[in-house]
Amino acid sequence: MADSREQAQDGGIGSGRLANILRPHGDWRHAFSYHPMDVVLERADGIYLYDRDGRRYIDASGGPFVMNLLHNHPRMKAAITRQLERFAYPHPTLANPERAEYGRMLAEILPGSLNVSYLVSGGSEAVETAFKLARQAQLVRGNRDKYKIISVRDSYHGMTLAALGASHNPVSQRHFVPMIPQWPHIRQYSDFDRPAGVSREEWGVHCAQALETAIHYEGPQTVAAFIATPHGCGPDYGVVPPVSYWQTIREICDRYEVLLIADEVVTGFGRTGRWFGMEHFGVVPDIMVLGKGISSGYVPLAAVAVSDEINEAFLQSRAHFVHGFTMGGHGLACAAGKEVISIIRDEGLLENCRRQSERLFSYRERLLQRRTVADVRGWGLFLVAEVVRDKRTMEFFEPEQQAERLFQSLALKNGLVLYGTLYGPRRQPAFRRGLPIWISPPLSVTGEQVDEIMQRLEATFEEWEAALF
Ligand SMILES: Cc1ncc(COP(=O)(O)O)c(C=O)c1O
């Protein structure tokens with residue numbers, strides 16, 4: 001029987017290739033719960049990934065929306081190496097000037113009075129940190145009973161227990177229920193259940209009012225914070241709410257002394273064409289969670305930005321935030337974080353993101369003409385194509401047809417690595433609507449490269465539809 005490598009080289013998508021795509025060569029038995037694919041990465045450069053067999057792929061989703069900069073960026077390598085030559089890891093309590101400087105640079109780009117930051121190593125850690133911070137902030141303000149965090153259904157904030165509890169995703173939660181803690185969830189903004197004759201702005205206010213209702217039911221004296229991502233999640237992934245939604249949320253939070261936490265792990269650091277997604281709504285949160293693009297994947301780094309008002313309350317009450325991780329503020333992470341900000345500025349990446357966004361979304365109508373593409377949405381360099389079998393009923397293919405796996409293997413054959421490809425089949429029950437195909441290339445992508453990505457995507461659709469209908 002031909003092995004997976006031979007089948008990969010023939011570029012075929014026969015049943016062998018399909019069957020082996022998640023079964024690469026090698027002894028992976030000692031890597032717990034790791035499901036690698038049959039693409040063994042050799043190196044990465046620019047927007048391209050190269051496997052051990054010399055095949056080239058475009059990193060069309062920047063990994064899971066991580067690579068805001070190009071792979072193998074010379075300035076990133078130089079900045080990290082420079083720091084490595086001095087020291088890699090400082091004891092967290094020693095004064096590391098890099099950390100102070102990085103905090104200053106973050107404050108320069110963060111909106112409003114988000115002027116102080118707490119450094120951690122990943123998005124889930126940052127979400128946990130934000131929850132504890134919100135709780136202790138309420139305590140230092142004298143709000144003894146405010147401890148609940150409200151979030152939205154079908155969201156995703158990470159895999160640690162509290163982050164997963166807030167996420168309220170039945171598929172990710174199913175082995176861990178009852179979740180600790182069991183905090184309330186509300187609906188999110190959606191374009192898909194907006195009644196006829198109601199404008200997006202009106203609907204935005206209506207959807208936001210779900211927060212006020214929840215606060216009433218829980219008792220305003222018990223609610224510490226509300227967390228959400230700037231754009232929609234789950235079945236509404238990438239839906240950008242109208243300004244009225246976020247402005248109403250801000251008003252409600254202010255009315256009940258509820259802290260507003262914006263989870264910008266995906267939308268931060270230029271992905272939407274501005275430094276942060278919330279800037280599009282003219283709303284400044286009290287706490288902002290940052291990850292992924294913050295270091296563009298070069299070194300693990302994440303952060304929680306806090307308003308001056310919260311910081312002041314801690315300082316005045318002489319309270320220390322009871323928290324800390326061994327790797328928080330790692331020397332290499334601070335060096336990488338600083339260089340990311342400088343590169344985004346020096347290379348004009350916010351401007352390039354806005355420019356190339358127009359090019360990317362110019363493919364919207366063409367995609368929508370396909371029989372399987374039900375919706376195309378997003379912002380900046382973040383496009384979601386929602387794929388179904390039947391646009392009328394919004395049903396997806398039967399599981400036996402292995403439609404997701406076929407899409408993945410065809411995309412790989414056509415030289416595209418997509419977010420879904422990286423993670424194997426999406427679990428269908430999580431999506432009440434179609435399968436999302438995410439396109440989010442590095443922010444320095446060129447117009448020609450956008451065209452190349454979309455041509456390869458169209459070729460993948462052609463072959464996929466031909467195989468399934
Ligand atoms: C919005 C959001 N928040 C938090 C996280 C968790 O980040 P991490 O995987 O780095 O723990 C993710 C990860 O995908 C995310 O999309």
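Buried area is the accessible area, taken with a 1.4 Å probe, that two parts lose on being put together, summed over both. The structure is a predicted model, in which local features need pLDDT of at least 70 and side-chain atom pairs count only at pLDDT 80 or more, while totals for chains, interfaces and linings use all residues. Residues are numbered from 1 along each chain as its sequence is written, and side-chain values use heavy atoms, with hydrogens and water left out.

The domain assignment, whose bounds come from an automatic or database source, divides the protein into domain 1 (4–68 + 350–468) and domain 2 (74–346). Their C-alpha centres lie 28 Å apart. To the contact (heavy atoms within 4.5 Å), domain 1 contributes 28 residues and domain 2 contributes 32 residues. About 2500 Å² is buried between domain 1 and domain 2, with carbon and sulfur atoms giving 62% of this area. On the side of domain 1, the greatest losses of area to domain 2 fall on Asn68, Leu350 and Trp379, which together account for 31% of what that side buries.

Helices (H or I, at least four residues) and strands (E, at least two) are DSSP runs, numbered from the N terminus. The elements α3 (62–65), α13 (349–361), β11 (373–379) and β12 (382–387) each supply at least two residues of the side of domain 1 that touches domain 2. Of these, β11 gives the most, with four residues.

The ligand has Gly122, Ser124, Tyr156, Asp263 and Lys292 among the residues around it (a heavy atom within 4 Å). A backbone N or O atom of Gly123 lies 2.9 Å from a ligand oxygen atom, and a polar side-chain atom of Ser124 lies 2.5 Å from an oxygen atom of the ligand. For Asp263, a side-chain N or O atom is 2.7 Å from a nitrogen atom of the ligand.

The count of salt bridges comes to 30. Arg75 forms one with Asp346, the closest N and O atoms being 2.9 Å apart. Because Arg75 lies in helix α4 (residues 74–86) and Asp346 in helix α12 (residues 331–346), the pair ties together parts that are 271 residues apart in sequence.

How values were computed: A polar contact is a pair of N or O atoms within 3.5 Å; within protein, one must be able to donate a hydrogen and the other to accept it, and residues adjacent in sequence count only if both atoms are side-chain atoms. A salt bridge is a side-chain nitrogen of Lys or Arg within 4 Å of a carboxyl oxygen of Asp or Glu.
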